[in-house]
Amino acid sequence: MLDYKDNYLLNLLISSDNNLNISDIQKLLGISQRSAYYSISKINDFLEMQGLPKLVNKRQTGLFVETVIKDTLADTISSTLGELYICTSQERIVLEILILLVRKDFISISYLEELFDVSRNTIVNDIKEIRKMLSVYNLALEYDNFSGYQVEGLSIRKRSVILNLISNYEYLDKMKSLDMYTDDMVEQTLEILKILEKELNIKYVNTTLNYLSILISIIKLNSLEPITLGEEDKKVIEDSCEYEAVEKIVGTYLDESEYIYLTLHLLGLRIQFAEEYELEEDDYVTEIVQFLISEFSKTTLIYFEDESDLFNHLYTHMKQAMFRLKYGIIYQNELKEQILQTYPQISQVTRTICQKLEKKIGYPIGDDDITFIA
């Protein structure tokens, strides 16, 4: 049977004027290559049961959907998308965490039972897993006998969890409408971010910019609790050209209390390319990059005749990454699985080096950044 994600994908394929390839599906649904192929296989089984031709994946043009499939299923699939919801336990837990983090009121077990149409025992078991997942971010799930559950901890860590989940499970909120944000608000936020790009003469990686647009929209629509930073950290951020651009461009779209948080992300976003934009020299980041290159050479006995390009690219990445690592901001690396599969030896060496680097900088380095460095 098709779960909600499969229904959503089939609806995309039926309603799209263009053929979608595997890469398109990965980006649209926020899933891995393996998951995309698995969904296509389930859809083909479903089509065969309906007496319809299977999807054909053509290397040059993508997935081809025959007209008879569109004519037969278009109305049915579209109408059931708003009603069906069959998700894995992991997907349900992700949605439950998002609800707990975004909603201001306490959340009861009975509310989650009704929302997901599952038993009380199922929700109780979910709660145990939620506690484990939140503890990784130093967040606690507190319970009140009369009101229900609520997440306690630093606002910046709560937002980090929201960002991490929407960057890995963006398709879930599209399928199970929880009214955490609106598409119009996301588009409006994205436009502002693109104006900021022009102001800074910089181009950020599109996927991270999209995830930031969703996060800012959630913050704005739900009036999430503002973050608090130390005076030294605030000064570093407020003295940046990014903060100056935010003050100039954002205006009343966001409360002034959110300027620092938005700037923090701009300082940590991955850069695709930059014109007339120079990262301020940082001796600490220079030391980190030299450490990475030196450790790689000592471990692999590979030495670079001219390491200037490698140094510059690593410097750009690590300069931005240090903000993310320090504040626990995690953006999904959409190439992570591909890098791990294609370059397993380099990935393993990089993981070992990053374990040493963690002791040096005092912050954990996740798989997403490890594979970027690899």
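## Close-up views of a predicted model

**View 1. Leu115 sits in helix H6.** Leu115 is found in helix H6, which spans residues 109-116. This model is predicted. Leu115 has 22% relative accessibility, so it counts as partly exposed. Leu115 and Leu178 are 63 residues apart in sequence. In space, their C-alpha atoms are 10.0 Å apart.

**View 2. Arg157 and Ile329 show another pair separated in sequence.** Arg157 lies in helix H8, residues 155-168. Its relative accessibility is 30%, so Arg157 counts as partly exposed. Between Arg157 and Ile329 there are 172 residues of separation in sequence. The C-alpha to C-alpha distance of this pair is 8.2 Å.

**View 3. Strands E3 and E4 form a hairpin.** Strand E3 covers residues 140-144, and strand E4 covers residues 148-152. They pair in the antiparallel sense, over five bridges. Three residues lie between the two strands. Look for Glu142: it stands opposite Gln150 in E4.

**View 4. A salt bridge joins Asp233 and Lys326.** Side chains of opposite charge can pair when their charged atoms come close. The closest N and O atoms of Asp233 and Lys326 are 3.0 Å apart. Asp233 lies in helix H12 (residues 231-238) and Lys326 in helix H16 (residues 308-327), so the pair ties together parts that are 93 residues apart in sequence. Is Asp233 buried or exposed? At 18% relative accessibility, Asp233 counts as buried. Lys326 is partly exposed, at 37%.

**View 5. A salt bridge joins Lys360 and Glu287.** Their closest N and O atoms are 3.0 Å apart. This pair links distant parts of the chain, 73 residues apart. Lys360 is in helix H18 (residues 344-361), and Glu287 is in helix H15 (residues 283-300). Lys360 is partly exposed at 36% relative accessibility. Glu287 is also partly exposed, with a relative accessible area of 38%.

**View 6. Lys298 and Glu295 pair within helix H15.** These two residues form a salt bridge, with the closest N and O atoms 3.2 Å apart. They are three residues apart, about one turn of the helix. Glu295 is buried, with a relative accessible area of 10%. Elsewhere, Arg92, Glu96 and Asp126 are linked in a network of salt bridges. The count of salt bridges comes to 15.

**View 7. Negative charge gathers in a surface patch.** Which residues make up this patch of negative charge? They are Glu238, Glu244, Glu247, Asp255 and Glu256. Asp255 is found in the loop between helix H13 (241-250) and helix H14 (259-268). Asp255 counts as exposed, at 53% relative accessibility.

Technical notes. Residues are numbered from 1 along each chain as its sequence is written. This is a predicted model: local features need pLDDT of at least 70, side-chain atom pairs count only at pLDDT 80 or more; totals for chains, interfaces and linings use all residues. Side-chain values use heavy atoms; hydrogens and water are left out. Patches are made of residues with over 30% relative accessible area and no salt bridge: like charges are joined within 9 Å, nonpolar side chains (Val, Leu, Ile, Met, Phe, Trp, Tyr) within 5 Å. Accessible areas come from the Shrake-Rupley method with a 1.4 Å probe; for residues, only the protein chains shown count as cover. A salt bridge is a side-chain nitrogen of Lys or Arg within 4 Å of a carboxyl oxygen of Asp or Glu. Lys and Arg count as positive and Asp and Glu as negative; His and the chain ends are not counted. The place of a charge is taken as NZ of Lys, CZ of Arg, CG of Asp or CD of Glu. Helices (H or I, at least four residues) and strands (E, at least two) are DSSP runs, numbered from the N terminus. Buried means under 20% relative accessible area, exposed over 50%, partly exposed in between (1.4 Å probe, protein chains only). Two strands pair if DSSP finds at least two bridges between them.
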